[in-house]
Amino acid sequence: MKLLLDSHVFLWWKAANPRLTPAMVRAIAEAQEVHVSAATAWELGLKVSLGKLRLPESVEEGIAAAGFTELPVNFRHTREAVVLPPHHYDPFDRMLVAQARCEGLTLMTHDDKIIQYEVAVLRVP
């Protein structure tokens, strides 16, 4: 399986948060590829700059330390994001859906709104 982690899943992985069940941890550990979007770095960076989040390292450092792969945002992704149905208004989540669809990735998320899209999802309880 090739995964794209939603922002909160990436943070939970880095913090060894028990909200990630053993099955979810195993899915990440055993995935062929695990991607984290540049949109996630942007989203988390904004939260840090607003004082809503503190991180022990940059997102880029966290991705590298976890052995994950950065997924850049490209024009194909943006074209897909703007034509998605309006199930979700968060531009970062819409980008993740678009990227997962374009790249054939399974999006690992806890977000109920994302499952309304035609995208492969691995739902975190």
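**Burial and salt bridges**

Author: Glu43 has a relative accessible area of 9% and is buried. The model is a predicted one.

Reader: Why is Glu43 called buried?

Author: Buried means under 20% relative accessible area. Glu43 has 9%, so the label applies.

Reader: What makes Lys47 and Glu43 a salt bridge?

Author: The limit is 4 Å between a side-chain nitrogen of Lys or Arg and a carboxyl oxygen of Asp or Glu. The closest N and O atoms of Lys47 and Glu43 are 3.8 Å apart, so the pair counts. Both residues lie in helix H3, four residues apart, about one turn of the helix.

Reader: Why is Lys47 called partly exposed?

Author: Its relative accessibility is 35%.

Reader: What makes Arg101 and Glu80 a salt bridge?

Author: Their closest N and O atoms are 2.8 Å apart, and the cut-off is 4 Å, so the pair qualifies. Arg101 lies in helix H6 and Glu80 in helix H5, so the bridge ties together parts that are 21 residues apart in sequence.

Reader: Why is Ala16 called exposed?

Author: Exposed means over 50%. Ala16 has 64% relative accessibility, so it counts as exposed. Ala16 lies in the loop between helix H1 and helix H2.

Reader: Why is Thr106 counted as buried?

Author: Thr106 has 15% relative accessibility, and the limit is under 20%, so it is buried. Thr106 is found in strand E4, and the residues it touches include Met1, Leu3 and Val121.

How values were computed:
Residues numbered from 1 in each chain as written. Predicted model: local features only at pLDDT ≥ 70, side-chain atom pairs only at ≥ 80, totals over all residues. Heavy atoms only, no water. Helix = DSSP H or I, 4+ residues; strand = E, 2+ residues; numbered from the N terminus. Buried < 20%, exposed > 50% of the residue type's maximum accessible area, 1.4 Å probe, protein only. Contact = heavy atoms within 4.5 Å. Lists of a residue's contacts leave out its neighbours within four places in sequence.
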